Each structure stands twice: as C-alpha cells, then as structure tokens.
Amino acid sequence: MAATQSNTVAPNATEYGGDEISALVLDPGYSVVRGGFAGEDVPKSVVPSYYGILASDAHRKHLYGENAIHNPLPNIEIGNPFLDNGLVGDWDTATNLWEYAITSRLTNTKPSDPMTNGLNEKTDEMKDEMEGIETQERPLEENPLLITESPLNTGKGREKPIEIAMENWGTPAFWLARSGVLSAFSAGKPSALVIDIGASSTTVTPVHDGMMLRKGVARSPLAGNYISDQLRLLFSTSQPPIPLTPHYLIDSKTPVDAGAPAQASYRIFPPGMEPGHSFRALQEERILTEFKESVVA
C-alpha cells in the first residue's frame with residue numbers, strides 16, 4: 001500500500017505518489033544510444049546506433065551491439081536508422097535498436113515461449129494456457145520512460161516514440177523531452193543557450209524559463225562527421241599519403257621508428273567472404289574517432 005504523500009515535504013526523486021520507481025532515460029543519437037536510470041550520473045547502457053546487416057536469399061538479419069558490428073563476418077553491411085539531419089528514418093530498426101539498448105543492460109529481455117524453450121513438453125493443455133502470454137509480457141511494464149528528442153523533431157517524429165513506448169514496450173508512464181532543455185536543467189539553468197555538437201549535426205537551442213524557443217533553433221552540418229571528412233582529406237593529400245587501414249585487415253605488424261613506413265602483413269579474405277564496403281567505412285571511422293579523441297581534442 002502506498003504511503004500518504006505529504007503536502008509540505010517534497011517527495012524523494014525516486015518516488016512517485018509514495019511508491020519507489022525506477023524510471024529509465026533513453027538518449028538516442030546518430031552515433032550512440034545511451035540509456036540509464038534516472039538520478040544516476042552516467043548511463044549504464046551505451047550502444048552504437050550502427051547495426052550489422054546479414055542478407056541472404058531466405059531472410060535478412062540485423063545485428064546490434066558493439067561486438068556484433070565490429071566482427072568481420074562474410075558480406076556484412078552496416079546501416080544506421082538515423083538520417084543525416086539527426087532524425088529517425090527507419091522506425092522499425094530504431095525500435096529494435098532502442099529495445100536492445102534497454103534490455104541488454106537495464107532490464108531483462110522478454111521471456112521465451114514456454115512451448116519452445118525446451119524446458120517443457122508440448123501438450124494441448126499447455127498450448128491453451130500459454131496462448132498470448134508472450135505478447136502480454138513487455139520489457140518496460142514496470143519502468144516509466146523518458147526519451148530525449150532533437151529540437152528540430154517533426155510531429156510524426158514525436159508521435160512514433162509515444163506509440164513505441166506505450167504500445168510495444170508497455171511502459172506505465174512516458175515523457176518526451178527536448179535535449180536542449182534537459183542540458184540546461186542538468187547545469188541548473190532554467191534559461192540558457194545550449195550548443196549541442198553531435199556526430200551528424202550541431203544545434204543551437206535557446207531555452208527560456210524551461211521552454212525551448214523553437215524559432216531560435218539553428219542547425220549546422222559542421223559536426224563530428226564533418227571533422228572526420230576533413231581528416232580523411234588531410235591524410236589523403238599529405239606527402240606521402242597516409243592510408244587508413246582498419247584493425248581487422250592487419251594480420252601482424254612490426255614496430256618501426258617514427259616516420260618510417262609501416263611493416264605489417266595483411267589479412268586476405270577468400271573470394272566472396274569479404275565484409276561489405278560499409279563495414280570498412282565504419283572501421284575507418286572508428287580509427288578517425290580515436291584520432292579525434294586523442295589528438296584533435
């Protein structure tokens with residue numbers, strides 16, 4: 001039974017109506033999806049927004065997670081549900097990706113069907129009893145959810161997360177918040193000018209008394225991906241040119257002095273077993289990201 005809420009004492013941040021809650025926060029972006037529990041300093045779940053695609057004549061399989069997208073499987077391609085403007089372009093994939101970010105670190109996955117998990121014998125009575133059970137159990141039935149959104153999000157882009165959270169995941173409470181407003185609140189400022197530099201775009205958001213001034217929002221494509229493109233151009237035009245060789249292509253290497261050419265033996269894939277071009281592009285971007293974090297910054 002819930003305790004009576006006091007009219008004079010502010011409730012605890014982890015309580016709602018006298019009951020303890022474990023609200024989740026999901027912050028999807030072009031490069032990574034971050035998730036965690038409300039009130040904590042750092043996210044517990046950080047999953048790349050990129051996903052692997054294994055296509056065959058029979059079906060098309062998607063792979064999610066850091067380990068999956070960096071494994072050079074035969075003919076693997078890499079995709080991203082986000083567009084260059086930071087908005088979602090593929091909602092079906094985004095839904096699966098976000099659910100993976102939540103269930104892999106924060107909550108449990110959906111229970112497997114008792115009829116097919118190998119622990120029970122199949123009987124007609126069990127089939128009648130278990131019919132519809134799997135569809136009733138949803139990953140967020142006990143967790144309120146807050147999802148951040150871009151300040152330039154569209155009306156459809158706001159409706160879809162609500163539909164996903166309430167209908168697909170069964171969350172009991174949901175809130176969609178502007179990322180600029182949350183950044184201002186995190187710094188203790190109800191009014192601020194928030195500059196958000198992401199992978200695909202940079203946005204400038206004016207916030208006044210906790211409200212975003214939409215007409216003042218500005219967007220620029222000069223962001224992390226633009227810096228990566230400039231680094232590619234710098235490496236390719238330098239003398240001598242500096243090649244970008246992903247780690248998965250290196251079989252072994254020997255240390256050399258600074259400025260000396262690399263001495264390495266490279267991995268050769270059998271014909272038809274090579275990863276796709278998008279996989280190599282992601283691995284090159286991984287090298288550029290490490291360079292930006294350790295040198296440019």
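Modeller: A residue counts as buried when its relative accessible area is under 20%. The model is predicted, and the residue I would take up in it is Glu 285, placed in helix H8, residues 277-296. Glu 285 has a relative accessibility of 16%, so it counts as buried. Once neighbours within four places in sequence are set aside, the contacts of Glu 285 are Asn 225, Ser 228, Arg 232 and Lys 292.

Now the sheet. It is open and made of five strands, with mixed pairing and the order E5-E4-E3-E9-E10. Its edges are E5 (45-48) and E10 (174-178), each of which pairs on one side only. On average, and with direction ignored, neighbouring strands are turned by 20 degrees against each other. Among the pairings, strand E3 (residues 24-28) and strand E4 (residues 32-37) run antiparallel and are joined over five bridges. In one of these, Pro 28 has Val 33 of E4 as its bridge partner.

Helix H5, residues 155-168, lies across E9 (145-149) and E10, running at about 150 degrees to E10. The two strands used for these angles, E5 and E10, are the edge strands of the sheet.

Methods: Residues are numbered from 1 along each chain as its sequence is written. This is a predicted model: local features need pLDDT of at least 70, side-chain atom pairs count only at pLDDT 80 or more; totals for chains, interfaces and linings use all residues. Side-chain values use heavy atoms; hydrogens and water are left out. Two strands pair if DSSP finds at least two bridges between them. Helices (H or I, at least four residues) and strands (E, at least two) are DSSP runs, numbered from the N terminus. Axes are lines fitted to C-alpha atoms, for helices over the stretch in contact, and angles run from 0 to 180 degrees between N-to-C directions. Contact means heavy atoms within 4.5 Å. Buried means under 20% relative accessible area, exposed over 50%, partly exposed in between (1.4 Å probe, protein chains only).
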